[in-house]
Amino acid sequence: MPALLYDYWRSSSAYRVRIGLNLAEIPFKTKTVNLLEGEQREEQYLSLNPQGFVPTLDLDGRIFTQSLAILEYLHDTKAANLLPDGAMERARVRALAYAISMDLHPICNVSVAKYAVDASDGQITTQAWMQHFIQRGLTAFESMLDTPETGAFCHGDQISLADICLIPQAYNAQRWDVDLEAWPRTAGLYKSLAQIPAVASAHPDQFKS
């Protein structure tokens, strides 16, 4: 029986999990939770995910939430191979992943940007907010990649948790007209990653409803 992913096509977090499921070769179906229409706040969905976020994953007879926790579960139980073996190497991969998923992504959430725009009486625009924080975050990320451990991917030559976090963020940067070429390592990695079938088939355009 395929896994069931409660999904929204443009959600960075859901995009990560789609990639992870593809890499783990786990068949899945999606059920759209329309964030623009507030379906994430409906009682039925909150009974699955009390935070009212996507994604939520129904797999192995259990309900999982939080994209990074889901990806680590896929690594631990499904041979997804998203983390290296050594403790130091895992720490580096997690640092790269967290720089995007915990520092950059939350502040670029549309609901956060909307609050800032409304609170500023329009002196801040959504695009200006997004561009400011994406540029700052990716500048730091580019510097973090400037080590010998970076290879064909963010860490060595094996796709990892860090790459899975980078892909949706790069997509989001393009959405807000941020030119990735300002960060050549990041841009190069994204171009390479986008060619991987498991990544390409998880692209938001494949799930747009």
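What you see is a predicted model. Four strands form an open sheet with mixed pairing, and their order is 2-1-3-4. From one strand to the next, the twist averages 20°.

Let us now consider the pairings in turn. Strand 1, residues 3-7, pairs with strand 3, residues 56-59, in the antiparallel sense, over three bridges. Within this pairing, leucine 4 stands opposite aspartate 58 in strand 3, while tyrosine 6 has threonine 56 of strand 3 as its bridge partner. As a general point, side chains in a regular strand alternate between the two faces of the sheet.

On to the next pair. Strand 3 and strand 4 are also joined in the antiparallel sense, over four bridges. Here leucine 59 stands opposite arginine 62 in strand 4. These two strands form a hairpin with two residues between them. Which residue in the turn has a positive phi? That residue is aspartate 60, with a phi of about 60°.

Finally, the helices. Helix 1, residues 12-23, lies across strand 1, strand 2 and strand 3, and runs at about 160° to strand 1. Helix 3, residues 67-78, lies across strand 3 and strand 4, running at about 125° to strand 4.

Key: Residues numbered from 1 in each chain as written. Predicted model: local features only at pLDDT ≥ 70, side-chain atom pairs only at ≥ 80, totals over all residues. Heavy atoms only, no water. Pairing = 2+ DSSP bridges. Axes fitted to C-alpha atoms, helices over the stretch in contact; angles between N-to-C directions. Contact = heavy atoms within 4.5 Å.
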